[in-house]
Amino acid sequence: MTHTGAWGPLRNRAFAVVVSVNLASALAVFMNGLGGA
Amino acid sequence: MALLQVAVTVPGFVLALIAGALADVVNRKRLVVTVLAGSVLVTVAFAVLSTTGSHTQVSVVLLTAALGSLTALAAPVWMAVIPGLVAKSELADAVSLSSAGMSGAMAAGPALGGVIIATLGPTWVFWVNAVVLTAGVLALGTWRPVSDSGGLPPEHLAAAMRLGLQYVRHDRPLQIVIVKIVPLALTSTALIALLPSLARFRLEAGPAMFGLLSGAGGVGAVAALFGMPTIRARATPDAIVTTSMLAQAAALILLATTTNIPVALAALAVAGATSLTAISTVMTTLQTVLPAWIRGRGVAVYLLALQGSFAVGAIVWGAVAERTSLQTAFAATAVAMAIGAVAVVPLRLRPLADIDTTPARLMDPPPVTSIHDDDGPIALTARWQIDPDQRATFLSAMEHVRQALKRQGVLNFHLAEDVERPGHITETFTVATWAEFKRLPLRSTRSDEANHRDLVDLVGPDLPPLIPQRVLRRQTSMPSPSQR
């Protein structure tokens with residue numbers, strides 16, 4: 001099985017977009033929680 | 001504050017199974033876009049109430065619960081889409097990246113929020129988030145997911161949820177993944193729950209040092225991310241999980257005994273690194289053992305076990321720390337983690353190379369025209385003729401078939417042998433609807449093909465045809481004698 005290193009999957013645009021949006025939304029939720037508190 | 005915690009976490013439990021089924025039944029892109037758009041609306045509502053100063057305790061709790069529910073609805077789908085985005089050879093790296101990113105977001109979110117609140121004021125947190133989430137919705141516009149429903153109508157939500165649970169009951173590799181994550185989650189949560197007290201009372205750290213201590217785990221996780229391709233090449237998934245848990249237990253013992261900040265920072269970095277190696281290994285196996293058609297539901301059950309264990313662990317270790325001492329709580333967690341690591345050793349995660357969940361389309365639905373997709377229940381019968389001396393081999397092969405059909409949604413399955421003619425065996429299974437039967441070939445996987453080959457070896461290449469029969473139900477109003 002070949003692999004492209006730890007950052008390899010980020011070269012795939014669809015994966016990069018989906019993971020970035022997921023993380024950005026998670027970040028926003030954690031920040032919102034703080035603002036709400 | 002406690003009420004807000006409930007508003008954030010409870011939807012995760014209540015909505016998990018619905019969210020998992022939704023992830024498999026509806027268009028996954030539409031689901032995340034809808035959830036993000038909903039989150040934008042809730043965040044704007046937060047921002048407006050905060051800007052105008054008209055927020056009340058009730059409105060904050062309600063909006064937090066709404067945001068918690070939206071997050072819960074999207075949680076399985078974010079994970080379920082990953083295998084469809086990358087090649088199988090990159091899946092493990094993709095899962096590690098996504099896990100490390102999530103740990104980073106958990107650590108950076110409150111810190112970033114704190115900076116915005118300190119510099120611009122609390123209202124700006126919501127406006128910034130509304131912009132970030134809107135950008136997310138727009139960015140997803142460029143994503144073109146592919147799905148293969150085989151031209152069949154979508155499953156009904158309630159039936160899809162039931163099937164998710166049935167799948168877990170009949171899929172041993174998935175059960176092992178879930179059992180492996182429980183002891184890890186139950187114990188590793190202690191560190192998150194007890195770190196603030198440890199920093200304040202044992203290490204006497206101020207706010208800046210607390211930030212450093214919290215960040216040490218993130219640094220460890222990123223370092224482990226770089227090391228993961230090498231670690232995976234040299235160790236089996238089980239060895240990675242066991243070693244990670246034992247190393248984390250050692251780090252917890254250090255934290256229980258030290259008051260030295262550099263030692264504590266090093267121990268926290270090890271804990272962060274080993275959490276990533278263990279969790280990403282279990283998650284990669286989870287993503288590999290689940291075929292695409294059930295992935296959302298499988299992930300949801302895993303998340304339920306993970307979040308449940310986190311919650312229970314936090315309560316238990318919090319109580320232990322309160323009744324004894326912080327040191328005792330850390331030492332007890334370390335012992336529990338080491339015991340957990342050893343206890344799950346006999347359960348083997350399947351090596352990734354052995355699993356192929358590509359649809360195999362093992363059977364062709366019989367050409368029947370007088371039936372609609374929603375008609376059911378339907379019983380399917382096949383008449384086998386085997387050498388009676390081979391009965392044990394046949395039954396063993398059919399047991400694998402039974403398990404595979406149960407995973408694929410069959411309601412019941414049985415074999416019966418003709419009393420007068422040994423070796424004449426009738427196989428019967430029932431599906432809820434004709435559409436469910438047509439979905440079975442799409443749900444069979446390459447890993448199921450071995451069962452198929454065993455049967456071909458026994459009876460030759462022409463397996464008996466499946467004969468569909470409508471299951472007759474007792475009429476609610478019995479016909480009167482004159483009508484009979």
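How many bridges join strand β1 of chain B to β4(B)? Keep that in mind as you go through these points on the predicted model.

1. **The strand pair.** Strand β1, residues 378-385 of chain B, is joined to β4(B) by four bridges, and the two strands run antiparallel. To find one of these spots yourself, look for Ile378(B), whose bridge partner in β4(B) is Arg470(B).

2. **The whole sheet.** Now widen the view to the open sheet of chain B, where four strands follow the order β2-β3-β1-β4 with antiparallel pairing. The edges belong to β2 (412-417) and β4 (467-470) of chain B; each has a single partner strand, so one side of each has no neighbour in the sheet. On average, neighbouring strands here are turned by 25 degrees against each other, direction ignored.

3. **Two helices side by side.** Next, find helix α11 (residues 237-257) and helix α14 (residues 326-343), both of chain B: their axes lie 8 Å apart, at an angle of about 165 degrees. Because angles over 145 degrees count as roughly antiparallel, α11(B) is roughly antiparallel to α14(B). The crossing of α11(B) past α14(B) is left-handed.

4. **What the helices bring together.** Residues of α11(B) in this contact include Met245(B), Leu246(B) and Leu252(B), while those of α14(B) include Phe330(B), Ala334(B) and Met337(B). Sorted by class, the contact of α11(B) with α14(B) has 13 nonpolar, five polar and no charged residues.

5. **Chain A on its own.** Chain A has 37 residues, of which 51% are buried. One helix and zero strands are found in this chain.

6. **Where the chains meet.** Here 32 residues of chain A are in contact with 48 residues of chain B. On the chain B side, the helices that each supply at least two residues include α1 (2-14), α3 (28-52) and α10 (207-234). The most comes from α6(B), with 15 residues. By class, this side of chain B has 32 nonpolar, 14 polar and two charged residues.

7. Why does Leu27(A) count as buried? Leu27(A) has 23 C-beta neighbours inside 10 Å, and a residue is buried if 20 or more lie within that distance. Leaving aside residues up to four places away in sequence, Leu27(A) touches Ala105(B), Ala108(B), Gly109(B) and Leu112(B). Along its own chain, Leu27(A) is eleven residues from Ala16(A), and their C-alpha atoms are separated by 16 Å.

How values were computed. Residues numbered from 1 in each chain as written. Chains lettered and ligands numbered in written order. Predicted model: local features only at pLDDT ≥ 70, side-chain atom pairs only at ≥ 80, totals over all residues. Contact = placed C-beta atoms within 7 Å. Nonpolar A, V, L, I, M, F, W, Y, C, P; charged D, E, K, R; others polar. Buried ≥ 20, exposed ≤ 12 C-beta atoms within 10 Å, placed from the backbone. Pairing = 2+ DSSP bridges. Axes fitted to C-alpha atoms, helices over the stretch in contact; angles between N-to-C directions. Parallel < 35°, antiparallel > 145°, perpendicular 65-115°, else oblique. Left-handed = near helix turned anticlockwise from the far one by under 90°.
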